[in-house]
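User: I would like to learn how to read cavities, pockets, cores and ring contacts in a model. Can we go through them one at a time?

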Amino acid sequence: MDMTNIRARLIVVLVVLCGFLAVAGTSPATAAPADSLWFDGTTLTVRNGRFVDGQGREIVLRGYNVSGETKLEENGGLPFASVADARKSATALRALGGGNAVRFLLSWAHAEPVRGQVDAGYLAAVTDQMRAFLDAGIRVYPDFHQDLYSRYLFSSGSWYTGDGAPEWAVDAGSYPAESCGICFFWGQNITQNAAVTKAQYDFWHDNHGLQDAFLATAQSTMAYLAQHLTDAEFAGVVGFDPYNEPYAGGYESGQTSRTWERDLLWPFYQRFRARMDAAGWKSKPAFVEPNLFWNANIDSQKQEGGLLDAGTLGPGYVFNTHFYDQKAISGILMWGKAGDGQYATDFGTIRDRALAAGTAAVVSEYGHPLSGTVSDKAPTVVKAMYQALDSRLSGAKWWSAPASSGPVLSGSQWQWDIYGGRHHELMNGNAGKVLTSGDAWNDEDLSAVRLDDSGAVALRQDARLLDRVYPSATSGSTAAFTYEDRSRDGSTTLTWNPVPSSLPNVSRLVGPGQYGLLVWRSGSGAAPTELHLPATFPTASTTVVSDLGTGYAPPAYTSSTPVGVAPEPGGTGSRRLLLTDTDSGVLHYALVTNGATAPSADLLSAAGSELASWAAAHF
């Protein structure tokens, strides 16, 4: 054989091999999102009970669920009708909603419509829509979502619907006709509807091979994402939520909610963890949820749980839970509205459980109905939830005991659906029941956004409540944080954490404005600490008082600027305050406010002296 033919055949082999690698391996690295700086875009891991980036900074993830649209059929189990809509949503989520992360909903029914056959077209569409958020500098953790197990348990005339498992999975079980009996809320189906409870039971016991099939599809989905996202994009994928709101369906004789978690739920998560490793997700944690009812705030619903017998979860897992105020939603069990510190104990329990489990915590769902008989509670309920994410203390206690503030929790509000109020969903395939209002799903209406008549994304909740100051990255360890958003309940401004009279110059500086205060101990890394700046904090109206530097209208960030402002990654126009220290183990503080108008040097100096004395006294 002559050398020409040998070279030709080698070229063919190399072309085939390179083509295989392009399909089977991780895609080559590409440019980071627009406006990225040298310290942005690294993979997150879990260390010492916190999310940590490649620079060793503590990371807080804040954002929304994207979205309940996945539970509907109108867009084929996808969050968006098009990639263009996904980009529009991502830009608005960053610029209007202040988010840096999303929980990205997926549908098992659409990923595996035929048993054993993964729909590559669905996964390709998912990947393209997910990429719109990653390109906007927004981190993502996918979630195989389910509620009431599957829509296929329900008939065209049913009062309710579900989402999750494919039709073939329901057919395998020969379940009874669904009926909730006397139910006032869709969630009562979880424990009262025999079709739902039996299907859930079958899944957790792997009857009909249902769990095996789900795990195989999950692995294929994760492998597809790892192969078709670039290295830079895949770095923005934080982890995976295996299963939404797990519940046993029913307990066997002698079994309790706690032993069910130990014997069935936790082994499922271990199996899912192994599938993640096999799919190329070994460095990313599983966001594992305990029994749905472990932290219910109605005593008759609460069940013992919280993965108490799983031992130390460690870096391979994140303690992932939801919180809704069911008393407030009931319209009966909580009269009036939420107040200062309303959920401090509930969210303190989440912090304590994550600490005991040796991992980070995320509250991946929280929120409140925005229409209906209890919607008047939403401004105070959601404010109290954000307050509890920021600190385990009420506003009344924060300034006098800041060292007890606890870690800042990550969270994803339910939900961010740009199609809210403009749906066209045939409920359970019934052409005579076309749902258009709210979330178009079991009478829910929780989307923070909608499209206005011009097609632009518009907020449905107070921007001051949603677009918040929060420590998106802390170079070192957070000692305390608080944010007074001054959000509104109708015409009333809610102020739950006023600056105390013992700090008169700080109080004068803040005035009626919003303010955030972060206290931290520096680490050994060179990357700066970051605070997200809401749209209500334009640079020209922002004042910073810090031991690192004090001033009005901070300058643009440079590596030699201790206090500066820069765009956040993604090119959406959102901004951040960057605070650079050059030491390690030293206490620092930074107050940022939009309440002052060209404050005098004397006022800035006096406020700085008060804060320095306060920090020294309490830390």
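Analyst: Start with the largest cavity. This is a predicted model. Fifteen residues, given as 15 in the count, line the largest cavity. Nearest its centre lie Q387, D390, T482, Y483 and N497.

User: Which elements give two or more residues to that lining?

Analyst: Three elements are listed: α13 (378–390), α14 (395–398) and β16 (476–484).

User: What is the volume of the largest cavity, and how does its lining divide by class?

Analyst: A cavity is space where a probe fits but cannot get out. Here the volume is about 120 Å³. The lining has four nonpolar, six polar and five charged residues.

User: How many cavities of 30 Å³ or more are there?

Analyst: The count is seven. The second largest cavity holds about 100 Å³. Its lining has 15 residues, with T70, S107, A109, D163 and G164 nearest the centre. Helix α3 (residues 108–111) gives the largest share of that lining, three residues. By class, the lining of the second largest cavity splits into five nonpolar, six polar and four charged residues.

User: Now the pockets. Which residues lie nearest the centre of the largest pocket?

Analyst: A pocket, unlike a cavity, is an open set of points. In the largest pocket, F185, W186, G187, Q326 and I329 lie nearest the centre, out of 41 lining residues. The volume of the largest pocket is about 1200 Å³. Elements that each supply at least two lining residues include α6 (189–192), β8 (317–323) and α11 (326–330). The lining has 17 nonpolar, 17 polar and seven charged residues.

User: And what lines the second largest pocket?

Analyst: The second largest pocket has 32 lining residues. D40, G41, G137, R139 and P569 are nearest its centre. Two elements give two or more residues to this lining, α4 (120–135) and α9. The largest share, three residues, comes from α9. The space in this pocket is about 500 Å³. Its lining has 13 nonpolar, nine polar and ten charged residues.

User: On to the nonpolar core. Which residues touch the most other members of the largest one?

Analyst: Read a core as buried nonpolar residues joined through side-chain atoms. In the largest core, with 113 residues, F133, Y149, W281 and W416 touch the most other members. Helix α8 (residues 210–228) supplies the largest share of this core, ten residues. There is also a second, separate core of 24 residues, and its members include A480, V510, L603 and A615.

User: How many aromatic pairs are there?

Analyst: The count is 41. Take F144 and F240 as one of them: their ring centres are 5.8 Å apart and their planes make an angle of 40°.

User: Where in the chain do F144 and F240 lie, and are they buried or exposed?

Analyst: F144 is in strand β6 (residues 139–144), and F240 is in the loop between α9 (231–235) and α10 (257–278). They are 96 residues apart, so the pair links distant parts of the chain. Both F144 and F240 are buried.

User: Last topic: charges over rings. Which ring has the charged end of K383 over it?

Analyst: Check the distance from the charged end to the ring centre, and the direction relative to the ring normal. The charged end of K383 sits over the ring of W496, 5.1 Å from its centre. R151 lies over the face of Y152, and there the distance to the ring centre is 5.2 Å.

Terms used
Residues are numbered from 1 along each chain as its sequence is written. This is a predicted model: local features need pLDDT of at least 70, side-chain atom pairs count only at pLDDT 80 or more; totals for chains, interfaces and linings use all residues. Side-chain values use heavy atoms; hydrogens and water are left out. On a 1 Å grid over the protein atoms alone, a cavity is a set of points where a 1.4 Å probe fits but cannot get out, and a pocket is an open set with protein on both sides within 12 Å along at least five of seven lines; lining residues have an atom within 4 Å of a point. Grid points are joined across faces, edges and corners, and a volume is the space filled by probe spheres set on the points. Helices (H or I, at least four residues) and strands (E, at least two) are DSSP runs, numbered from the N terminus. Ala, Val, Leu, Ile, Met, Phe, Trp, Tyr, Cys and Pro count as nonpolar, Asp, Glu, Lys and Arg as charged, and the others, Gly among them, as polar. Rings of Phe, Tyr and Trp (its six-membered ring) pair if their centres lie within 6.5 Å; planes under 30 degrees apart count as stacked, over 60 as edge-to-face and the rest as tilted. Buried means under 20% relative accessible area, exposed over 50%, partly exposed in between (1.4 Å probe, protein chains only). A charge sits over a ring if NZ of Lys or CZ of Arg is within 6 Å of the ring centre and within 35 degrees of the ring normal. A nonpolar core is a set of buried Ala, Val, Leu, Ile, Met, Phe, Trp, Tyr and Cys residues joined through side-chain atoms within 4.5 Å.
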